Amino acid sequence: MNSPARAVSPLPSPTTARATLERVAANLSLAVQGKEKEVRLAVTCVAAGGHLLLEDVPGVGKTTLVEAIARSFALSFSRVQFTADLMPADILGAQVFHAQSATFNFRPGPIFRQLVLADELNRAPPRTQSALLEAMAQGQVSLDGATHVLPRPFTVVATQNPVDFSGTYPLPDSQLDRFLMRLSLGHPSPEVEARLLTTRDASSPIEAIQSVTSPEELADLRMQVAAQRLDDTVAEYVVRLAQATRAHGDIERGASTRAVLALGMAARAHALWEARDFVTPGDVRAVLGPCLAHRLLLRSANQGAYTRDEATHLLEEVSRKVPAPR
Amino acid sequence: MTRPNRLRLILRDLGTGAAFASMAVSGQLPIWALGLFVVALGVALTGRRPFARLPKLTAMLLVPLAGALYLAVASGRMDLVVAACSFAGLVAGQRLLSETSTATDGQVLLAGLLMVAGGAALSGELFFAVCLMAFAVLASLSLGLAVVEAAVPVGEPVPVRAVMRPLAVGTLFALLGAVAFFILFPRLNWNVGARRASPGLGTATSGFSDTVRLGGSGTLKSNPRVVLRATLTPDPLTEQLGAYWLGRTYDTFDGQEWSTIGAPKKRGRTRVTLRRGAETQVYQKVELLPAYGSRTLIALETPSKLGNALAHTPTGTRRTLLQELGGDELRFVEEGLGYSYEVYSVPPGTDTDPGKMEQLEHDQLLALPDNLDPRVTELARQVLGDEKDPLTAANKLSSWLQREYEYTLELGGDVTDPLTEFLFVRKAGHCEHFATALTLLLRSQGFQARLATGFFGGERIGDEYILRAGDAHAWTHVLVPGRGFVTVDATPPAFRANQSLELLESLVSIYEAIESAWRTSVVDYSFRDQMNFVRDLTRPPAGSGEKKRLDLPPLRAWVTAVLVGVAVYQAWRYLSRRKPRTRALEATRFVDAVERQLATVGVRAGDGETLEDVSARLTREAHPLAPTVSPLTRRYLEARFGQRALEPGESAQLLKGLKQAIAALPPKEKPREKAQA
């Protein structure tokens, strides 16, 4: 008897999806202690299929977190240290002449991994930044007339130091817009730091991280996120929040349409933490700051950490003023 | 049939009934058309549609009815507009009893619209307006429900309760909008319809015809409709005026009917302009109301000058010509809904100059019918003896008639000789019988007399006197040398004035007041009124011209602007508040109830906090209510944003659980409740 072949695997239930997310988050907490909220948001960002910008001073565990994510999801991983002399080909790859066959073969660059860590992205020249950001947006690389598709699932995590801007090329706003979230880990609490001192042995914490899920499960998770129900009133709420940022007196440029889409997608992913297949206004507010703060251009000319705090503060004010649907 | 269907059809049928009523209130539709429609409506309201099986045959029945109506119109027995209205009612009735479908609904409502238009042609009065509004509301609700019903998938229940309130609110706003449109939109006051509007309760009096048929009327005495309002100078200041208001007189009696010989010399006389003067005379400012139903001027006996007449028509108020007719009757040339004019009257019994009368007219005051029963003359002779003075004779006869005869409103039917019937057979009659008897008894003894008709009485309301239709009366004028015509009334005093019930009078008075306001504010509301309304808002009142002209609009303009602003703001707020509630209304009501319950123990949502936030906060704080509130919040969120609606009774069950949890709170949580209270 012929039975119809199952073309696609069924979506995981919200409960299954939450279990996966919590499993990953618990796993990450082994490497990055005392940052449960940030870890959850990072996992949310990855589950939503977005790229993540980690902005913090060195030594707070940014790289560790990214590596732990790659290990937890069993993703192929590469780390690129962005420097002033880094060229696009160093990231994307290049055509290499093969003397024996007298042909040019494509040698893929480090971007051809499922999780790419672009360390200190703002130190690379704009041309190199653009090459990466274009790959992030398109999910593919075009080189010498040939198109090379990036592996799936594909995620870029970039880091930058919010304080030390000397000799850097700050990311243009349009490129910042391509990151779904911007997170700051911040220093751990004194208790956590003390515990680190007493408990950590010679081995790197990342070595303790084992894979707890698979890239296929992450792909299913992303499909589940995309299938989350977004009620019309919640969608209107998202738009009203974005409009409020555009109308705010202290904000030079408010949230873009891409930001609205990003906020909706992040809220969808956040709903999975509650094992829900629908989005609530609470989900939207939970991801509002990480999704929008880095996309706003404030009227004050401050830069760095101060700007980040001010933007977050303005977004909190906006979320208080815009009534949520009841 | 499902419940929502039934409700929609009932609203549709009632709306059609209201449309028919808008024509019926004119009182001009034939009784058979009224009966047929009422039966059809009654059957339709019970949910039965007997014509559904034979739609074509029943529709064909309308053809002969249309033919019959055409013949009635062609033969002059029925007015064209009335016939058209009757036919519209029949069409509506046929459709009401036919199969229900979208097409039929449209036809029924279209017929309703036509009937409303017919009602406007027949009557523009208060009852018509009430029916029109009822039709508009019911038809709108029915149409709204039909739209909702069409949008709901087959088999799914129609959310009647959920939609009726917004529908009702929408209809209310539409009505208010219509009122605003009526007040503010510039109107063009030409008389589109050829017909005049008629008084809402029908014509109150029988009018003043050229003849009075004895026994031909007599039921007016119990009609409490107000037909005349008058202010008198000098003001008698009495509650009951007890005066005779003269309309016209008759000098010829043929045994059955009173009439007047010939016509006066001056016909089609132009308007009479009155100037103040003649301080000894009684000055009256009179308004004849639509219920009066005649064009004859009324004045206190004995009128000496009448004029300054204005006719109130649907197209506005304007001056009108007067026409002098026989029987001292003065009539308005122009047809109007009502009239106002001024009169000077000589105090009763002091008119020394009855005017120059021709010999023919003098002779006519003594004329007797050819077939006068000889017993009449004999009777007069017996009562009067050899009395020579006309006034004494009249009083003697009057007293005798009042003593010997009874007053009744029961008519004796159409008899050959009503006077003989009254004097010798029934010995009971109404004012016309008494007045006729007195007049002819006097004439039989050579005293000149005539019949006068008009009103008797006058009831004080505020600063003015009113007359009711029931005050219509007939009496006798005796010509007394040197004093002119003197009134002598043979009707027993208790029966001269209106005899309607007090309760009925007060009810009719209320109606008259509303109708008067309706006519002033709606029917007669013209472009000029609109301009005046706007001008009054922006200019200082008349008489303040001496004051220094202000650049700013007057205070009332500001007040009006503020009131309008507040009204618009409130309406906007109400609508904007309703908008998000149109969906998942039950879940929203549920969350409101939950928040109210939580507030009783001091758990309140902060600035911008939702129940989701409150629940998370309670969980963080390990509040004893957290375990109860958390699943409840989850259920609300599912119902509101997850398309898993609350089951019937589920919200009540959840709230009950919350109340129990609140009641079971440890005492340390209770003080908060008291503190909040």
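In the predicted model, 20 residues of chain A are in contact with 19 residues of chain B, contact meaning heavy atoms within 4.5 Å. The model being predicted, local features require pLDDT of at least 70 and side-chain atom pairs count only at pLDDT 80 or more, while totals for chains, interfaces and linings use all residues. Side-chain values use heavy atoms, with hydrogens and water left out, residues are numbered from 1 along each chain as its sequence is written, and chains are lettered from A in the order in which they are written.

Between them, chain A and chain B bury about 1600 Å², 42% of it on carbon and sulfur atoms; buried area is the accessible area (1.4 Å probe) that two parts lose on being put together, summed over both. Of the area that chain A buries against chain B, 42% is supplied by A:Arg229, A:Phe278 and A:Arg326, more than by any other three residues.

The rule finds 6 salt bridges across the interface of chain A and chain B, a salt bridge being a side-chain nitrogen of Lys or Arg within 4 Å of a carboxyl oxygen of Asp or Glu. The side chains of A:Arg285 and B:Asp613 form a salt bridge, at 2.2 Å from N to O.

On the side of chain A that touches chain B, α9 (232–247) and α11 (281–292) of chain A each supply at least two residues. The most comes from α11(A), with 4 residues. By class, this side of chain A has 10 charged, 7 nonpolar and 3 polar residues (nonpolar: Ala, Val, Leu, Ile, Met, Phe, Trp, Tyr, Cys and Pro; charged: Asp, Glu, Lys and Arg; polar: the others, Gly among them).

Chain A has 12 helices and 11 strands, taken as DSSP runs (helices H or I, at least four residues; strands E, at least two) numbered from the N terminus. Of its 326 residues, 52% are buried, that is, under 20% relative accessible area (1.4 Å probe, protein chains only). Among contacts in chain A between residues at least 6 apart in sequence, 79% join residues at least 24 apart.

Chain B has 20 helices and 18 strands, and 44% of its 677 residues are buried.

Methods:
Buried < 20%, exposed > 50% of the residue type's maximum accessible area, 1.4 Å probe, protein only.
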